Each structure stands twice: as structure tokens, then as C-alpha cells.
Amino acid sequence: MMLSFQELLTLDGQALEAVLADISSTLQARGWMLASAESCTGGLIAAACTELAGSSLWFERGFVSYANAAKSELLGVPPALIAAEGAVSEAVARAMAEGALAHSPAQVSLAVTGIAGPGGATPDKPVGLVWFAWCVAGRTHSESRQFSGSRAQVRAQTLGHSLQRLHALLQAA
């Protein structure tokens, strides 16, 4: 099942456009820029952010680091960390978020790495497992979520959660 871009922006009954508008105004008020580091979403977060007119005032860049080599080359994630922890892990998500800041002039970042399915799962890392990390106001925050549904639904839920949590972290900073 493929979701349209408009369906992605109205995930869980909450219009992500309103969340993005708030993120936009908060970042602009502080003079901050956002960078995204995406694996399982393949650029959906950057696409959602740049759907807003004027996003160049607050969205600096997006890194799509789907392959492990891309995580290392683009974001500086150590290959040994990926080998030890796996690409879908808290340590790698945090390294991706911190790498997005290190490889851009942005002050805020978010990163996602997960298993959207239908394949790629292991007993301890099932389909739908996603690790998130956000760097806001000098602190790195991370958490995981276990989503259900099709590949498109897992990716859509990842998009929604990453932006909703970023919104909350910005409001608390």
C-alpha cells in the first residue's frame, strides 16, 4: 500500500503541516537551522520540511544515508560502530544526528534508522523497529519505537513521530 504525500502530512489525524509550521517559526525565531539524517525514510522528512514555502529559512539540508557506507561517508558514523551495534541501533541513530550537525552549519538535527520491511528483520530487531535521535540545544536525545503495518505505513509513522518529537523538544528547549 502506497501512501500519497498528502496522506503522509495528515498522519494519525494530526496535520503535520501545523507541526511543521510551528517548527519553522520556532527555528526562525532562534536563528537556528535543521538538518535531517535519514535511512529508512529515504528523504521523506526532508521532503515534508521542504513542502512548506520558505523552508530554506530554517531547513539547511538532508542527508539520505540508506547504505551503511553512506552513514560513514556522509555523516562520519564509524564503520566499527555499525559493525558492533548494527545500523538499526541507538548508538548509530545518535551518531547520525551528531554527524548531521558536524557536517553542516545547522544547529538542530534529527536522525532515523529502522527496518521498514517487509524483509531485513532479525529476532531482536523486528520489522517496524525504528531508532530516532535529535540534537537540540546542545543535547542529544534518542528513543526507539515499534511501528506496525506495511512498509509505507512504517515510514509514514516514522515521519510523523520524528517531527512531532522534534516539535516537543524545541518547545522545551
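Biologist: Where does Ala83 sit?

Modeller: Ala83 is in helix α5. Bear in mind that this is a predicted model.

Biologist: Buried or exposed, that Ala83?

Modeller: Exposed: the relative accessible area of Ala83 is 68%, and the cut-off for exposed is over 50%.

Biologist: OK, over to α4. Which residues of that helix are buried?

Modeller: Helix α4 covers residues 68-75, and its buried residues are Ala70, Lys71, Ser72 and Leu75.

Biologist: What covers them?

Modeller: The cover over the buried residues of α4 includes strands β1 (34-38), β2 (59-64) and β3 (108-114), along with helices α5 (79-85) and α6 (90-102).

Biologist: Let's stay with Ser72. What does Ser72 touch?

Modeller: Setting aside residues up to four places away in sequence, Ser72 touches Val77, Pro78, Pro79 and Ile82. With Val77 there is also a polar contact: a polar atom of the Ser72 side chain lies 2.7 Å from the backbone oxygen of Val77.

Biologist: And how far is Ser72 from Val130?

Modeller: C-alpha to C-alpha, Ser72 and Val130 are 19 Å apart in space, and they are 58 residues apart in sequence.

Biologist: Which residue has a positive phi although it is not a glycine?

Modeller: Ala137 does, at about 55°. Most residues other than glycine have a negative phi. Ala137 is in the loop between β4 and β5 (139-146).

Biologist: How accessible is Ala137?

Modeller: Ala137 has 48% relative accessibility, so it counts as partly exposed.

Biologist: Where is there a cis peptide bond?

Modeller: Between Gly117 and Pro118, where omega is about 0°. Pro118 belongs to the loop between β3 and β4 (129-136).

Biologist: New topic: Ser89. Where is that one?

Modeller: Ser89 lies in the loop that runs between α5 and α6. Its relative accessibility is 5%, which is why Ser89 counts as buried.

Biologist: What does the Ser89 side chain reach at 2.8 Å?

Modeller: The backbone oxygen of Gly86. A polar atom of the Ser89 side chain also lies 3.2 Å from the backbone nitrogen of Val92.

Biologist: And leaving aside its neighbours within four places in sequence, what is Ser89 in contact with?

Modeller: Ser89 is then in contact with Thr113, Lys125 and Trp131.

Biologist: Now the helix pair, α2 and α7. At what angle do the axes cross?

Modeller: Roughly 40°, and the axes of α2 (residues 16-30) and α7 (residues 151-172) come within 10 Å. Angles under 35 degrees would count as roughly parallel, and α2 and α7 are therefore oblique to each other.

Biologist: Left-handed or right-handed?

Modeller: The crossing of α2 and α7 is left-handed.

Biologist: Which residues make the contact?

Modeller: From α2, they are Leu16, Val19, Leu20, Asp22, Ile23, Thr26, Leu27 and Arg30. The α7 side contributes Leu159, Gly160, Leu163, Gln164, Leu166, His167, Leu170 and Gln171.

Biologist: How do those divide into nonpolar, polar and charged?

Modeller: In the contact of α2 with α7, 9 residues are nonpolar, 5 polar and 2 charged.

Biologist: Pick out Leu163 for me. Buried or exposed?

Modeller: Leu163, in helix α7, is buried, with a relative accessible area of 0%.

Biologist: What does Leu163 touch?

Modeller: Not counting residues up to four places away in sequence, Leu163 touches Val19, Leu20, Ile23, Ile45, Ala48, Cys49 and Leu110. Among them, Val19, Leu20 and Ile23 belong to the α2 side of the helix contact.

Biologist: Last one: how far is Leu163 from Val64?

Modeller: Leu163 and Val64 are 16 Å apart, C-alpha to C-alpha, and 99 residues apart in sequence.

Definitions and conventions:
Residues are numbered from 1 along each chain as its sequence is written. This is a predicted model: local features need pLDDT of at least 70, side-chain atom pairs count only at pLDDT 80 or more; totals for chains, interfaces and linings use all residues. Side-chain values use heavy atoms; hydrogens and water are left out. Buried means under 20% relative accessible area, exposed over 50%, partly exposed in between (1.4 Å probe, protein chains only). Helices (H or I, at least four residues) and strands (E, at least two) are DSSP runs, numbered from the N terminus. Contact means heavy atoms within 4.5 Å. A polar contact is a pair of N or O atoms within 3.5 Å; within protein, one must be able to donate a hydrogen and the other to accept it, and residues adjacent in sequence count only if both atoms are side-chain atoms. Axes are lines fitted to C-alpha atoms, for helices over the stretch in contact, and angles run from 0 to 180 degrees between N-to-C directions. Angles under 35 degrees count as roughly parallel, over 145 as roughly antiparallel, 65 to 115 as roughly perpendicular and the rest as oblique. A crossing is left-handed if the near helix is turned anticlockwise from the far one by less than a right angle, and right-handed if clockwise. Ala, Val, Leu, Ile, Met, Phe, Trp, Tyr, Cys and Pro count as nonpolar, Asp, Glu, Lys and Arg as charged, and the others, Gly among them, as polar.
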